[in-house]
Amino acid sequence: QVQLVGSGGGLVQPGGSLRLSCAASGNIVNIIAMGWYRQAPGKQRELVATITSARYTNYADSVKGRFTISRDNAKNTVYLQMNSLKPEDTAVYYCNAHLMTTTGPVYDSWGQGTQVTVSS
């Protein structure tokens, strides 16, 4: 079994910063890609950023230049550094991963979500 545990959310003022972390554990052989998605109240879940095992990154236009995704392969952990936060970044942030395990591939494994609130 695979488990993703996210952390680092909280309340921050506009213009502030937060760093999210997500650690994957279980019978993992390698992580193909990891990413962050978010869902604001009344809205659909949307992609924020993804990173592959080769560290190719992809960002939503709304966060380009403000957010940075990175990963530590040795720790099976992905990070999301969020700077210049705006009220519209308020959402529950979910970690996502595509992995190869000892029993085969696992696609769209999700973490439990962490709340990010940007408000003065």
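A total of 4 salt bridges is counted in this predicted model. One of them joins R38 to D89, with the closest N and O atoms 3.0 Å apart. R38 belongs to strand β4 (residues 28-39), whereas D89 is located in the loop between β8 (77-82) and β9 (91-101), so this pair ties together parts that are 51 residues apart in sequence. R38 and D89 are both buried.

D89 also meets R66 in a salt bridge, at an N to O distance of 2.7 Å. Because R66 is placed in the loop between β6 (57-59) and β7, and D89 in the loop between β8 and β9, the contact ties together parts that are 23 residues apart in sequence. Both of these residues, D89 and R66, are buried. A network of salt bridges links R38, E46, R66 and D89.

A further salt bridge is formed between the side chains of D61 and K64 (3.1 Å, N to O). D61 has a relative accessibility of 64% and therefore counts as exposed.

With regard to strand arrangement, four strands form an open sheet in the order β1-β3-β8-β7, and their pairing is antiparallel. The antiparallel pairing of β1 with β3 (residues 18-26) extends over 6 bridges, and V2 stands opposite G26 of β3.

Terms used
Residues are numbered from 1 along each chain as its sequence is written. This is a predicted model: local features need pLDDT of at least 70, side-chain atom pairs count only at pLDDT 80 or more; totals for chains, interfaces and linings use all residues. Side-chain values use heavy atoms; hydrogens and water are left out. Two strands pair if DSSP finds at least two bridges between them. Helices (H or I, at least four residues) and strands (E, at least two) are DSSP runs, numbered from the N terminus. Buried means under 20% relative accessible area, exposed over 50%, partly exposed in between (1.4 Å probe, protein chains only).
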